[in-house]
Amino acid sequence: MREIVERFLQNPDLTKEEYVELLTCAEDPESVGRLTEEAVRIRKAHYGDKVYLRGLIEFTNYCKNDCYYCGIRCGNKNAVRYRLTKEEILSCCEDGYELGFRTFVLQGGEDIWFTDERMEEVIRAIRQRYPDCAITLSVGEKSYESYRRFKEAGADRYLLRHETANEDHYRKLHPAAMSLSKRKQCLYDLKALGYQVGAGFMVGAPYQTKECLAEDLVFLKELHPQMVGIGPFIPHHDTRFAGAQAGSVELTLFLLSVIRILLPKVLLPATTALGTLDPKGREKGLSVGANVVMPNLSPVKNRKQYDLYDNKICTGEESAQCRGCLARRVESAGYRIVDERGDAL
Ligand code: SAH
């Protein structure tokens, strides 16, 4: 095992340069083994064999942004757009509640039809019907005031991946109208408002270097979010990155372990993107430190339309099938799904 791994295990608070060195160990089986072992030990110390469920409701694929990697970016004229009504969203929650879900994640593009008033209406309706459930939002960059109103209406958590903590890299993935500083400000605003916050990034995004990933780790350490979403980048055929290589499953697993050690109590999903690149990807994620899975609760008729990247899995099954399939997968990894909100410790 390499010396840098020892140092990281003793004190995970490394410098950017040291994280770059740590990342070179992703190809050293002995180092990977040692990091995985420690990540699993920490995960079990805090969460035992519990895995939390988050019911993902992809409620709109309209988006005003043009993130170059994303299949639902506004520039993609081939995307077939949809948005769910409040009643449809509530019906997704109803199905989910029956199946034991106690967290609903409302995710969407940045859809201007969903004004603050309309968002509040949806949040309030869910809050009123499901007082024992957590409401997570993932609707992109908004003003402090909008975030405040959503919180007031009953939202508890917010997922906003920072995407990359390196300025140059950020500019290569997004149009000039978007900026890393804005993205980071949103995350700090959300924290200040008392949300449980999720940041994160894609592994193997175009132009990503070890330095970028090292900066992601430094940023995570600084922000100290309650949740971190990472998954491999997967090309989408209608983007400029159609011909780019997908991210590596192994590197994603390595980073899941590193993040578990860096932020011991973090809520860490084994993502759909990981399951898309490798049929056993989510099980593998759980066995290296992840403790959350996010099955799809969206109406089956719209699932294929929330098309962030090619070949996304679970776009054909009913919610109940997804729940059953995931329960089996989680058990095969030696863990068990619990019907709890799964708040940050
Ligand atoms: N509009 C919301 C939700 C974005 S979709 C927001 O801005 O936060 C959720 C996540 O999917 C994104 O944060 C991004 O990291 C991921 N994603 C988008 N395109 C992807 C691709 N081609 N491959 C892998 N992940 C992708």
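Biologist: At its relative accessibility, does Ser-319 count as buried or exposed?
Modeller: The general idea is a cut-off on relative accessible area: buried is under 20%, exposed is over 50%, and partly exposed is in between (1.4 Å probe, protein chains only). Ser-319 counts as buried because its relative accessibility is 9%. Before we go on, this is a predicted model, where local features need pLDDT of at least 70, side-chain atom pairs count only at pLDDT 80 or more, and totals for chains, interfaces and linings use all residues. Residues are numbered from 1 along each chain as its sequence is written, and side-chain values use heavy atoms, with hydrogens and water left out.

Biologist: Which helix does Ser-319 lie in, and with which side chain does Ser-319 make a polar contact?
Modeller: Helices (H or I, at least four residues) and strands (E, at least two) are DSSP runs, numbered from the N terminus. Ser-319 belongs to helix α14, residues 319-332. For the contact, look for a pair of N or O atoms within 3.5 Å; within protein, one must be able to donate a hydrogen and the other to accept it, and residues adjacent in sequence count only if both atoms are side-chain atoms. Here the partner is the side chain of Arg-303, at 3.4 Å.

Biologist: Let's turn to the ligand. How many residues surround it, and which are the closest?
Modeller: A residue makes the list if one of its heavy atoms lies within 4 Å of the molecule. That gives 18 residues, and the closest are Tyr-69, Gly-108, Arg-161, Glu-163 and Ile-234. By class, the shell has ten nonpolar, five polar and three charged residues. The bookkeeping is that Ala, Val, Leu, Ile, Met, Phe, Trp, Tyr, Cys and Pro are nonpolar, Asp, Glu, Lys and Arg are charged, and the others, Gly among them, are polar.

Biologist: How far from a nitrogen atom of the ligand is the backbone of Tyr-69?
Modeller: A backbone N or O atom of Tyr-69 sits 3.1 Å from that nitrogen. On the oxygen side, an N or O atom in the side chain of Arg-161 is 3.0 Å from a ligand oxygen, and a polar side-chain atom of Glu-163 is 2.5 Å from an oxygen atom of the ligand. Taken alone the ligand exposes 550 Å², and the protein buries 91% of that; such areas come from the Shrake-Rupley method with a 1.4 Å probe, and for residues only the protein chains shown count as cover.

Biologist: Back to Glu-163: where is it found, and what is its phi?
Modeller: Glu-163 is in the loop between β5 (157-159) and α7 (167-173). Its phi is near 75°, a positive value in a residue other than glycine. Glu-163 is also buried, with a relative accessible area of 11%. Asn-311 likewise has a positive phi, about 65°, without being a glycine. Asn-311 sits in the loop between α13 (300-303) and α14, and counts as exposed because its relative accessibility is 68%.

Biologist: How many aromatic pairs does the structure hold?
Modeller: A pair of aromatic rings is described by the distance of the centres and the angle of the planes. Rings of Phe, Tyr and Trp (its six-membered ring) pair if their centres lie within 6.5 Å; planes under 30 degrees apart are stacked, over 60 edge-to-face, and the rest tilted. There are eleven pairs. One of them, Phe-59 with Phe-114, is edge-to-face, 4.8 Å centre to centre with 80° between the planes. Phe-59 lies in strand β2 and Phe-114 in the loop between β3 (103-108) and α5 (116-129), so the pair ties together parts 55 residues apart in sequence.

Biologist: Over which ring does the charged end of Arg-102 sit?
Modeller: The test is that NZ of Lys or CZ of Arg is within 6 Å of the ring centre and within 35 degrees of the ring normal. Arg-102 sits over the ring of Tyr-97, 3.5 Å from its centre. Arg-102 is in the loop between α4 and β3 and is buried, with a relative accessible area of 17%. Arg-102 and Glu-340 are 238 residues apart in sequence, yet 5.7 Å apart in space, C-alpha to C-alpha. Elsewhere, Arg-240 lies over the face of Tyr-68, at 3.4 Å from the ring centre.
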